[in-house]
There are 2 protein chains.
Amino acid sequence: MPKKVPSVKRRKESLSRERVIEVSIELLDSSGESGLTFRALSERLVTGPGAIYWHIDSKSELLTAACDSIVARTMNAPTASGTPEAIIRSLALGLYDAIDTHPWVGSTLTRAPGQLPIVRILERIGQQVCALGVPDEEQWTTVSALLNYIIGVAGQNADNTQFARTHNLDRASFLETVSTVWSELDPVEYPFARSVASQLPSHDDRADFIAGIDLILRGVAGAGER
Amino acid sequence: MPKKVPSVKRRKESLSRERVIEVSIELLDSSGESGLTFRALSERLVTGPGAIYWHIDSKSELLTAACDSIVARTMNAPTASGTPEAIIRSLALGLYDAIDTHPWVGSTLTRAPGQLPIVRILERIGQQVCALGVPDEEQWTTVSALLNYIIGVAGQNADNTQFARTHNLDRASFLETVSTVWSELDPVEYPFARSVASQLPSHDDRADFIAGIDLILRGVAGAGER
DNA sequence: ACCTGAACACCGTTCAAGT
DNA sequence: ACCTGAACACCGTTCAAGT
């Protein structure tokens, strides 16, 4: 008869905070923000909801942790070396692409002011803004302008994707829809919206995003020259 | 949503889409985003949830409508007359203040890309950007940079307020907390965050916000000179 | 046309009880 | 220390039935 060998080691797959976060990311990626529920999570992890609460505090903490996991690997990825401007562009684009593949990161970022994921971004950009030679008293303004712009785009993009998903549209036909609605607005009250409506479906979101970054960077440079 | 305007005159106190939105705003203002539920709404309106669904399509549509009501009155408020720059600043500040008094507007704005509240803002800013003499092909970039920045700040502010409310803190002690956390970060990995931590509690959010707007406007001006 | 309210199909979170 | 799973206190939404 086999003796009872007291195994210190539990099954390889025993629950851990890391595992909870990992499976949460899978769930979020595959079924969007509404796909992350404690019931779906329990099922995938083959446990009860109580077990999950042993490793995390709440759903919102879990969401932030999952978000931070993506942001951390994005901000630690090697950037193009070059001028501070080039590095800032590279960081911003990396973030843009990460949010493009994980739309839920965009909405989560919006809801985590002052928390770890945001601090990571702030830090990386902040260092480059310093390297740019921006005077001390303008650093915060510059960094927070860049950060808020990025968060704004992130949020809008995330919700565009989310909306398209909910209504079973691809991104192209979603933009087509918005374009049509805008072009039917009152000509007297909404001349500008109507005039840009037509270029909406064909525009390149990613290029627009980086053009905005460049615009802000130009403002920073302009300040130094006065 | 009602299909047609009812032919007979309604009783003053009868339910209407406007009344539903009005009470929703009261609820959102007094108890935050989590305060708006169909049960609370039914109670205040002295009806059942079914009655509410006769006038609105869903909770998200209701939220957008409530948001639009605030945004509309803000964007239609008289602005300082003067240069296009001055008007843009005035519009932005009006929005900032509206979100300060109705934090839920900030988060709702983030979740309504391409929808009416956003279009109103886009339109007002767009007209001034045109007046600024920005060439056609740069108008969209300029307007969306401003818009995304505003939305980014709006979202962060809304969530700061929301967080403070949940944890029963005032804004000052909330910033104090964030400041402390940042100042205790690893000095090697987070030099920038640490360096700005101390100025966090004393800074003027509203002034920072407008400084960001000015930064972007400077970038726009800079583009014209090249 | 408009309203009622019970019922449905979910949520996040807790907790006594187990190992 | 870690896990179980039933139970709790909610949600948004629907719908047969009423006026």
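## Salt bridges

In this predicted model, B:Arg111 is partly exposed, with a relative accessible area of 37%. Its salt-bridge partner is B:Glu33, and the closest N and O atoms of the two are 2.6 Å apart. B:Arg111 lies in the loop between α6 (103–110) and α7 (116–131) of chain B, while B:Glu33 lies in the loop between α1 (17–31) and α2 (38–45), so the pair ties together parts that are 78 residues apart in sequence. B:Glu33 is also partly exposed, at 22% relative accessible area.

Over all chains, the count comes to 16 salt bridges. One of them joins the side chains of A:Arg17 and A:Glu61, at 3.1 Å from N to O. Because A:Arg17 belongs to helix α1 (residues 17–31) of chain A and A:Glu61 to helix α4 (residues 59–76) of chain A, this pair ties together parts 44 residues apart in sequence. A:Arg17 is partly exposed, at 28% relative accessibility, and A:Glu61 is partly exposed at 23%.

A salt bridge also forms between A:Asp68 and A:Arg120, with their closest N and O atoms 2.8 Å apart. It ties helix α4 of chain A to helix α7 of chain A, across 52 residues of sequence. Here A:Asp68 is buried, with a relative accessible area of 10%, and A:Arg120 counts as buried at 18% relative accessibility.

## Helix α7 of chain A

Helix α7 of chain A covers residues 116–131, and its 16 residues should span 22 Å at 1.5 Å a residue; the end C-alpha atoms are 23 Å apart, which agrees. Its buried residues include A:Pro117, A:Ile118, A:Val119, A:Leu122 and A:Val129. Just after the helix, A:Gly133 takes a positive phi of about 85°.

## Nonpolar core

The largest nonpolar core has 137 residues, and those with the most contacts inside it are A:Trp182, A:Ile213, B:Trp182 and B:Ile213. Leaving aside residues up to four places away in sequence, A:Ile213 touches A:Ile88, A:Ala92, A:Leu146, A:Tyr149 and A:Ile150.

## Interface of chains A and B

Between them, chain A and chain B bury about 4,400 Å², of which 68% is on carbon and sulfur atoms. In chain A, the residues that lose the most area to chain B are A:Trp140, A:Gln156 and A:Phe192, together 18% of what that side buries. The contact takes 53 residues from chain A and 53 residues from chain B.

Zero salt bridges are found across this interface, whereas 14 residue pairs are in polar contact. Among the helices of chain A that each supply at least two residues to the side touching chain B are α6 (103–110), α7 and α9 (171–183). Helix α8 of chain A gives the most to that side, with 16 residues.

Technical notes: Residues are numbered from 1 along each chain as its sequence is written. Chains are lettered from A and ligands numbered from 1 in the order in which they are written. This is a predicted model: local features need pLDDT of at least 70, side-chain atom pairs count only at pLDDT 80 or more; totals for chains, interfaces and linings use all residues. Side-chain values use heavy atoms; hydrogens and water are left out. A nonpolar core is a set of buried Ala, Val, Leu, Ile, Met, Phe, Trp, Tyr and Cys residues joined through side-chain atoms within 4.5 Å. Buried means under 20% relative accessible area, exposed over 50%, partly exposed in between (1.4 Å probe, protein chains only). Contact means heavy atoms within 4.5 Å. Helices (H or I, at least four residues) and strands (E, at least two) are DSSP runs, numbered from the N terminus. The expected span of a helix is 1.5 Å times one less than its number of residues. Buried area is the accessible area (1.4 Å probe) that two parts lose on being put together, summed over both. A salt bridge is a side-chain nitrogen of Lys or Arg within 4 Å of a carboxyl oxygen of Asp or Glu. A polar contact is a pair of N or O atoms within 3.5 Å; within protein, one must be able to donate a hydrogen and the other to accept it, and residues adjacent in sequence count only if both atoms are side-chain atoms.
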